[in-house]
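Me: I'd like to learn how to read a fold from its sheet, its helices and its core. Could you walk me through one?

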Amino acid sequence: MNMRSTSTRRAMRSGAEWLACATPEIQQAFLNDLGENEILALPYLFEFWAFDHQMPPKGDWRSWVIMGGRGAGKTRAGAEWVRSEVEGSRPKDMGRSRRVALVGETIEQAREVMVFGESGILACSPPDRRPEWQATRKRLVWPNGAVAQLFSAHDPESLRGPQFDAAWVDELAKWKKGQEAWDMLQFGLRLGDNPRQCVTTTPKNVPVLKDLLANSTTVTTSAPTEANRAYLAASFLDEVRARYAGTRLGRQELDGVLLEDAEGALWNSKMLQDLQVEAGEEFSRVVVAIDPPVTGHKGSDECGIVVVGANCEGNPSDWHAVVLRDATVSAASPAAWARVAIAMMEEYGADRLVAEVNQGGDMVESVIRQIDPLVPYRSVHASKGKIARAEPVAALYEQGRVRHLRGLRVLEDQMCLMTTRGFMGKDSPDRVDALVWALHELMIEPAAKWRRPRVRNL
């Protein structure tokens with residue numbers, strides 16, 4: 001049977017996932033159908049083993065960006081893409097590309113990861129197509145004459161002069177001279193009818209990557225670390241999940257998500273990441289703040305519900321707070337969000353429930369009292385705009401006086417879209433509004449009263 005038989009075509013469509021899920025009898029029958037040469041070739045048929053995010057997208061594109069978490073299989077995808085570009089049907093046949101640039105952050109990283117790494121080009125290449133490494137010239141040469149040259153992003157000028165019809169760029173978002181090196185590479189990518197490049201990177205909020213993603217000729221695939229769990233140590237996954245799950249760093253390094261900060265944002269990703277703390281502190285006061293929606297149907301805004309604890313003893317400059325929980329609910333009826341808010345009061349032993357009533361008026365308190373008539377409750381009215389209310393809260397963060405427990409990523413994403421020009425996200429920043437009311441109640445208003453001079457009777 002050749003590799004185009006019915007059973008093999010079926011396996012190629014579903015790949016290793018189909019084979020892994022098959023019964024032992026089907027697995028054995030599949031392998032028995034293969035000849036000796038086909039069994040030897042099977043490990044090198046990447047289309048069979050690859051995940052969807054590792055396969056080049058269809059269509060007319062110039063740049064393919066693979067964004068993924070640590071260990072998601074980005075390097076293997078890049079190495080296999082280079083193979084697909086330079087290899088022909090037979091070892092001496094030419095492929096689509098003949099001159100390839102391999103650009104890493106440094107020459108050492110390009111060599112150790114892209115060429116000699118466990119998922120690098122040499123490890124992925126079958127014996128009859130394996131390129132020769134020419135150390136003195138820092139290049140790979142294939143049996144068909146194709147050449148891949150290594151370059152360091154630390155030396156953008158080294159890319160001035162050479163020309164290519166393909167390029168593999170690794171960890172673009174880490175490059176210290178990212179824009180300069182990237183620009184020099186683009187000038188050199190000019191051979192052939194349609195030169196292309198593959199970019200494998202962990203996402204970071206840097207201009208060179210953001211500009212590339214915004215380009216109309218760029219296509220993107222992404223995957224979290226978990227997508228490649230079959231090839232990762234279980235202890236590694238357990239450790240990184242326990243340490244980074246729910247954090248912004250975890251979203252970037254494990255989920256492969258590009259966390260953007262809006263221009264003029266009151267909060268930014270690095271600030272919020274640096275303010276992560278573990279649970280365990282006791283507080284002198286805890287409040288639950290809610291920002292209720294106007295209505296309670298499927299199309300209504302979220303009801304922001306945030307729990308914050310604070311220690312406010314002594315001089316206000318020594319006060320600090322910790323955001324404990326984002327319990328925001330979506331498309332809930334007034335009774336539903338009121339029950340969640342009161343449940344948070346009970347769970348955290350909160351001293352007071354604070355609710356904005358600009359939109360709901362007396363209805364907000366009425367709904368809450370129906371659930372718990374004795375709940376300590378305070379209504380607040382927004383006399384200032386959202387940004388004016390948020391700015392003094394942002395100042396507390398800049399002073400390092402507000403910290404976050406892990407697991408608040410949705411709230412933090414919304415915070416990074418609050419700018420001096422307004423909220424840059426969709427819908428309404430209900431989570432941030434609730435957070436702002438909580439910190440006004442715990443720290444800003446009490447501090448203002450503490451500092452207010454007393455008038456003495458003469």
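Reply: Gladly! Let's begin with a definition: two strands count as paired if DSSP finds at least two bridges between them. Keep in mind that this is a predicted model.

Me: Which residue stands opposite Leu 353 in S13?

Reply: In general, strands of a sheet pair through backbone hydrogen bonds, either parallel or antiparallel. Here, Val 288 is the residue that faces Leu 353 of S13. S10 and S13 run parallel and are joined by 4 bridges.

Me: In what order do the 7 strands of the open sheet come?

Reply: Read across, the order is S9-S15-S12-S11-S10-S13-S14, with mixed pairing. Strand S9 (276-277) and S14 are at the edges; each has a single partner strand, so one side of each lacks a neighbour in the sheet.

Me: Which strands of the sheet does H14 touch?

Reply: H14 packs on the sheet through S10, S13 and S14, and its direction makes about 165° with that of S14.

Me: How do I read the sides of that helix? Which residues of H14 are buried?

Reply: The idea is to see where buried residues fall around the axis. In helix H14 (residues 362-371), the buried ones are Val 364, Val 367 and Ile 368. These residues lie on the same side of H14 because they span an arc of only 95° around the axis. They pack against S10, helix H13 (334-348), strand S13 (352-356) and strand S14 (377-380). On the face turned away from that buried side, H14 carries the exposed residues Asp 362 and Gln 370.

Me: Now the core. Which residues touch the most other members of the largest nonpolar core?

Reply: In soluble globular proteins, nonpolar side chains tend to be buried together. The largest core in this model has 39 residues, and Trp 267, Val 308, Val 323, Tyr 397 and Leu 439 touch the most other members. Elements giving two or more residues to this core include strand S11 (304-311), strand S12 (320-326) and helix H17 (430-451). H17 supplies the largest share, 10 residues. Apart from this core lies another of 27 residues, Ile 305 and Val 329 among them.

Me: What does Trp 267 touch?

Reply: Leaving aside residues up to four places away in sequence, its contacts include Leu 272, Ala 390, Tyr 397, Met 415 and Val 432.

Me: And for the protein as a whole, how many helices and strands are there?

Reply: There are 17 helices and 17 strands. Of the 458 residues, 48% are buried. Among contacts with a separation of 6 or more, 70% link residues 24 or more positions apart.

Methods: Residues are numbered from 1 along each chain as its sequence is written. This is a predicted model: local features need pLDDT of at least 70, side-chain atom pairs count only at pLDDT 80 or more; totals for chains, interfaces and linings use all residues. Side-chain values use heavy atoms; hydrogens and water are left out. A nonpolar core is a set of buried Ala, Val, Leu, Ile, Met, Phe, Trp, Tyr and Cys residues joined through side-chain atoms within 4.5 Å. Buried means under 20% relative accessible area, exposed over 50%, partly exposed in between (1.4 Å probe, protein chains only). Contact means heavy atoms within 4.5 Å. The arc is that of the directions from the helix axis to the C-beta atoms. Axes are lines fitted to C-alpha atoms, for helices over the stretch in contact, and angles run from 0 to 180 degrees between N-to-C directions.
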